[in-house]
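I set out to record, in order, what I looked up in this structure. The entries run from the overall fold to single residues.

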Amino acid sequence: MKRSALLIFIVTVLLSFNGFSQSTNCTTASNLALTNGSACVNGTSAGAITDNILYSTCNTAPVNMVWYTYVTNGSNNSFTITPNTLTNAQIVIYQGGCQTTGTLQTCATASGSNPLVTSWG
């Protein structure tokens, strides 16, 4: 069964290093192409902006974010964000579209520069 999920990496600080080009807007989310069910992306939050939306229990104040989208064939999905210089990484997963049209599936937050590991499905 194919499921489409839209995910956003929400960050609370702006970084400036070169990496994967990503979107700061849900409707133009950058596609993650899965190879054998996985993808590795070196992203950046440089230029990230806020849409002034609170995402479930993950954030109590709007934060800067970048958007990615992917399509999966299975129901067991694992995510790992290795933040390097990023602090307080967050992930929010919507199924079927953006926050106004999709359904919130899950969200998770890492503390400080700790890795964020979560699953969905």
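**Entry 1. Overall fold**

What pattern does the protein chain follow when read along the sequence? I read it as β-β-β-β-β-β-β. The count I noted is 0 helices and 7 strands. I record here that the model is predicted.

I next looked up totals for the protein chain. Of its 121 residues, 40% count as buried. The accessible surface comes to about 6,600 Å², and carbon and sulfur atoms hold 49% of that surface. Among contacts with a separation of 6 or more, 68% are between residues 24 or more positions apart.

I took strand β4, residues 77-81, and asked which residues lie on its covered face and which on its uncovered one. N77, F79 and I81 make up the covered face, while S78 and T80 make up the uncovered one. I set beside this a general point: in a regular strand the side chains alternate between the two faces of the sheet.

I then looked for the pairing of β4 with β7, residues 116-120. The two strands run antiparallel and are joined by 5 bridges. At N77, the residue standing opposite in β7 is W120.

**Entry 2. Strands β2 and β3**

I checked how β2 and β3 pair. Their sense is parallel, over 2 bridges. S30 has Y68 in β3 as its bridge partner. I also looked up the cover of β3: 7 of its 9 residues are buried, and the strand is mostly covered.

**Entry 3. The nonpolar cores**

How many residues does the largest nonpolar core have? I found 15. The residues with the most contacts inside this core are Y70, F79, I81, I91, I93, L116 and W120. The strands β3 (64-72), β4, β5 (90-95) and β7 each supply at least two of its residues. The largest share, 3 residues, comes from β3.

A second, separate core has 10 residues, including C26, A29, Y94 and C98. As general background, nonpolar side chains in soluble globular proteins tend to be buried together.

**Entry 4. The aromatic pair**

I searched for ring pairs and counted 1 aromatic pair. Why is the pair of Y70 and F79 edge-to-face? The ring centres are 5.9 Å apart and the planes stand at 70°, and planes over 60 degrees apart count as edge-to-face. Y70 and F79 are both buried.

**Entry 5. Cysteines**

I looked for disulfides and found 1. The link is between C26 and C98, with their sulfur atoms 1.8 Å apart. The angle about the S-S bond is -110°, and the link is left-handed.

Which parts does the pair tie together? C26 lies in the loop between β1 (3-11) and β2 (30-31), and C98 in the loop between β5 and β6 (103-109). The pair therefore ties together parts that are 72 residues apart in sequence.

I then asked of each cysteine: buried or exposed? C26 has a relative accessible area of 9% and is buried. C98, at 14% relative accessibility, also counts as buried; the cut-off for buried is under 20%. C40, at 76% relative accessibility, counts as exposed.

**Entry 6. V92**

V92 lies in strand β5. Its relative accessibility is 0%, so V92 counts as buried. I looked up the separation of V92 and T109, which are 17 residues apart along the chain. Their C-alpha atoms are separated by 8.9 Å.

**Entry 7. I53**

Where does I53 lie? I placed I53 in the loop between β2 and β3. At 25% relative accessibility, I53 counts as partly exposed. Leaving aside neighbours within four places in sequence, I53 is in contact with N59, P62 and Q99. Of these, I followed up Q99: I53 and Q99 are 46 residues apart in sequence, and 8.9 Å apart in space, C-alpha to C-alpha.

Terms used. Residues are numbered from 1 along each chain as its sequence is written. This is a predicted model: local features need pLDDT of at least 70, side-chain atom pairs count only at pLDDT 80 or more; totals for chains, interfaces and linings use all residues. Side-chain values use heavy atoms; hydrogens and water are left out. Buried means under 20% relative accessible area, exposed over 50%, partly exposed in between (1.4 Å probe, protein chains only). Helices (H or I, at least four residues) and strands (E, at least two) are DSSP runs, numbered from the N terminus. Two strands pair if DSSP finds at least two bridges between them. A nonpolar core is a set of buried Ala, Val, Leu, Ile, Met, Phe, Trp, Tyr and Cys residues joined through side-chain atoms within 4.5 Å. Rings of Phe, Tyr and Trp (its six-membered ring) pair if their centres lie within 6.5 Å; planes under 30 degrees apart count as stacked, over 60 as edge-to-face and the rest as tilted. A disulfide is a pair of cysteine sulfur atoms within 2.5 Å. Contact means heavy atoms within 4.5 Å. Accessible areas come from the Shrake-Rupley method with a 1.4 Å probe; for residues, only the protein chains shown count as cover.
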